[in-house]
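This briefing sets out selected features of the structure shown below. The points are grouped by topic.

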Amino acid sequence: RHAHRRHARHAVRNRQRDGAARRRLYLYSDGIYEIHRPDGSLVTLEEFVAVLESGRPLPQVVEIMHALLPPEVDFDDDVALLEVAIA
């Protein structure tokens, strides 16, 4: 039951700068978004998906998620994030 949460996928459709629609499929482990903030609250999957839907490059997505961690703390779990462009 828990295994489906550890490795998930999400399809996102967003727009390129020229206005053309683009579709992406993201495969990720739960370590990228199961983050404890300094106040003790957890980042939600919905918050992570909102970052994906922003259309930012993957290195920026990882930086944004890492910035939610307390200072000088790294991800607690494995982090996997793969983007597949669908033509």
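At 87% relative accessibility, Glu-72 counts as exposed (exposed means over 50% relative accessible area, buried under 20% and partly exposed in between, with a 1.4 Å probe and protein chains only). This is a predicted model, in which local features need pLDDT of at least 70 and side-chain atom pairs count only at pLDDT 80 or more, while totals for chains, interfaces and linings use all residues. Residues are numbered from 1 along each chain as its sequence is written, and side-chain values use heavy atoms, with hydrogens and water left out.

**Loop between H3 and E3**

- Glu-72 lies in the loop between H3 and strand E3 (81-86); helices (H or I, at least four residues) and strands (E, at least two) are DSSP runs, numbered from the N terminus.
- Although Glu-72 is not a glycine, it has a positive phi of about 60°.
- Asp-77 also has its place in the loop between H3 and E3, and at 29% relative accessibility it counts as partly exposed.
- Asp-77 and Asp-30 are 47 residues apart in sequence, and their C-alpha atoms are 7.9 Å apart in space.

**Overall architecture**

- The chain comprises 3 helices and 3 strands, which run α-β-β-α-α-β from the N terminus on.
- Of the 87 residues of the chain, 25% count as buried.
- Among contacts (heavy atoms within 4.5 Å) between residues at least 6 apart in sequence, 55% join residues at least 24 apart.

**Packing of H2 and H3**

- The axes of helix H2 (residues 45-53) and helix H3 (residues 58-67) come within 10 Å and cross at roughly 150°; axes are lines fitted to C-alpha atoms, for helices over the stretch in contact, and angles run from 0 to 180 degrees between N-to-C directions.
- The crossing of H2 and H3 is right-handed; a crossing is right-handed if the near helix is turned clockwise from the far one by less than a right angle, and left-handed if anticlockwise.
- Phe-48, Val-51 and Leu-52 of H2 meet Val-61, Ile-64 and Met-65 of H3.
- By class, this contact of H2 with H3 has 6 nonpolar, no polar and no charged residues (Ala, Val, Leu, Ile, Met, Phe, Trp, Tyr, Cys and Pro count as nonpolar, Asp, Glu, Lys and Arg as charged, and the others, Gly among them, as polar).

**Nonpolar core**

- The largest nonpolar core has 14 residues, and those with the most contacts inside it are Tyr-28, Ile-32, Phe-48 and Met-65; such a core is a set of buried Ala, Val, Leu, Ile, Met, Phe, Trp, Tyr and Cys residues joined through side-chain atoms within 4.5 Å.
- At least two residues of this core come from each of strand E2 (21-29), H2 and H3.

- In H2, the buried residues are Phe-48, Val-49, Val-51 and Leu-52.
- These residues cover an arc of only 155° around the axis, which puts them on the same side of H2; the arc is that of the directions from the helix axis to the C-beta atoms.
- In H3, Leu-58, Val-61 and Met-65 are buried.
- Their arc around the axis is only 55°, which puts them on the same side of H3.
- Pro-59, Glu-63 and Ala-67 are exposed on the other side of H3.
- Ala-67 has a relative accessible area of 59%, and it is 30 residues from Arg-37 in sequence and 9.4 Å from it in space, C-alpha to C-alpha.
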